[in-house]
Amino acid sequence: MPEIFKEAYTFDDIALVPQFNNIPSRTEPILDSWLTKKQKINMPLIASNMDTVISLPLADVLLKNGSIPIFHRFTNFETQAKWIKKYPNKVFISSGIKKETLDETRKLLDLGALGVCIDVAHGHSDMMMHYIEELKKKHPDKEIIAGNVCTGVAYHDLVNAGADAVKVGIGPGSICTTRMITGFGVPQFTAIIDCAKIAAKLRVPLIADGGIRTSRDVVLALAAGASSVMIGKLFALTKESGATKREKNNKIEAKYRGQASEDFQKEYFGCLKEKTTAEGVNFWAEIIGPAQKVIDELLGGVRSGLTYGGARSIKELQRKAEFIKVTSTYMEESRPRAH
Ligand code: IMP
């Protein structure tokens, strides 16, 4: 009989213990980080490479703030080529792992993409490793982000194949139903901690992907060893996102959806892929406002978090991080309440 051998934690199960602070101001911490081995970023927030998230207007805001846009792959070659030509050597493109798409991906890289994010729902596979190896052999100067995975072994394998950054997260996304449909998935905090040990050893940046709701989650993910976090929902609900918008009761709403949702698959493929079940959902929600507001609020919280951690940088936060496991009443005590 296989045994149940380990406890694993979500962001809500964990808290950070404050550390001695000698940083005079909350504006002092620097949020520079690395997206990939060679690609520096000035802030650790990345928008998801999803069709309802990334757009040209959002890419502009991200670049202005020192992040790097990663375009999605759910459109034709010409559109993706146009995006790259607008931002030569400043953006990443995306790719799946089917052999037939290799030529197209190579052409897009040659047009001036900095690199490619190769991501599929379950990234620990031989198809993934072959795709990375093939691309790295032909484009050694381009950076490769690969994912998604949630174990140290998978992280190690993708780096061995040639990945310059690995995306971690199976199931934490706000539109994701993978865990409910399949029974598989590792709670995101533990997935980050486990993968971060390998990331640190191999010096290959970790991108924590999915499940970010507030700056609290960003601080925990960074402290656990992520170099950046990838965010879908919060960016989808901005004015600049790629999501369809509508006006309802004098409010503007956006439609956010998973790339494995029925809503998306029907539009993109004309129907659900044969013998598959959707592993994502879609929903309408009121928009938060301009993307700059989301970025400012998250970064403000992260900077403040760094001072509680006695840290001037993300690296220092990671070095000094002391985690405690909390009970289910911790979150209750932590939320504002009138009664
Ligand atoms: P969020 O920030 O919690 O909304 O999570 C966004 C992340 O969910 C993305 O960056 C993807 O990794 C993941 N994702 C996107 N579409 C799907 C889907 O249909 N099912 C499961 N996960 C998805």
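Because the model is predicted, local features are given for pLDDT of at least 70 and side-chain atom pairs count only at pLDDT 80 or more, while totals for chains, interfaces and linings use all residues. Residues are numbered from 1 along each chain as its sequence is written, and side-chain values use heavy atoms, with hydrogens and water left out. Helices (H or I, at least four residues) and strands (E, at least two) are DSSP runs, numbered from the N terminus.

**The ligand and its surroundings**

- There are 22 residues around the ligand, and those that come nearest are Ser 174, Asp 209, Gly 232, Tyr 256 and Ala 260; a residue is counted as near if one of its heavy atoms lies within 4 Å of the molecule.
- The shell around the ligand is made up of seven nonpolar, 12 polar and three charged residues, where Ala, Val, Leu, Ile, Met, Phe, Trp, Tyr, Cys and Pro count as nonpolar, Asp, Glu, Lys and Arg as charged, and the others, Gly among them, as polar.
- An oxygen atom of the ligand lies 2.7 Å from a polar backbone atom of Gly 232, while a ligand nitrogen atom is 2.9 Å from a polar backbone atom of Gln 259 and a ligand nitrogen atom is 2.8 Å from a polar backbone atom of Glu 279.
- The protein buries 89% of the 510 Å² that the ligand exposes when taken alone, with accessible areas taken from the Shrake-Rupley method with a 1.4 Å probe.

- Seven strands form an open sheet in the order 4-10-9-8-7-6-5, and the pairing is parallel; two strands pair if DSSP finds at least two bridges between them.
- Strand 4 (45–47) and strand 5 (92–95) stand at the edges with a single partner strand each, so one side of each is left without a neighbour in the sheet.
- Neighbouring strands of this sheet are turned against each other by 25° on average, direction ignored, with axes being lines fitted to C-alpha atoms, for helices over the stretch in contact, and angles running from 0 to 180 degrees between N-to-C directions.
- Within the sheet, strand 7 (residues 143–149) and strand 8 (residues 165–168) run parallel and are joined by four bridges, and Ala 146 stands opposite Val 166 in strand 8.
- Helix 7 (residues 188–202) packs on the sheet, where it touches strand 8 and strand 9 (206–209), and its direction makes about 170° with that of strand 9; contact here means heavy atoms within 4.5 Å.

- Five bridges join strand 11 to strand 12 (residues 251–257), and Arg 246 stands opposite Glu 253 in strand 12.

- Ser 215 belongs to helix 8 (residues 215–223), and its C-alpha atom is separated by 9.8 Å from that of Ile 295, a residue 80 residues apart from Ser 215 along the chain.
- With neighbours within four places in sequence left aside, Ser 215 is in contact with Glu 297, Leu 298, Gly 301 and Val 302.
- Most residues other than glycine have a negative phi, and most peptide bonds are trans.
- The peptide bond from Gly 147 to Asn 148 is cis, with omega near -5°, and Asn 148 has its place in strand 7.
- Arg 203, in the loop between helix 7 and strand 9, has a positive phi of about 55° although it is not a glycine.

Technical notes. Polar contact = N/O pair within 3.5 Å; in protein donor to acceptor, adjacent residues only side chain to side chain.
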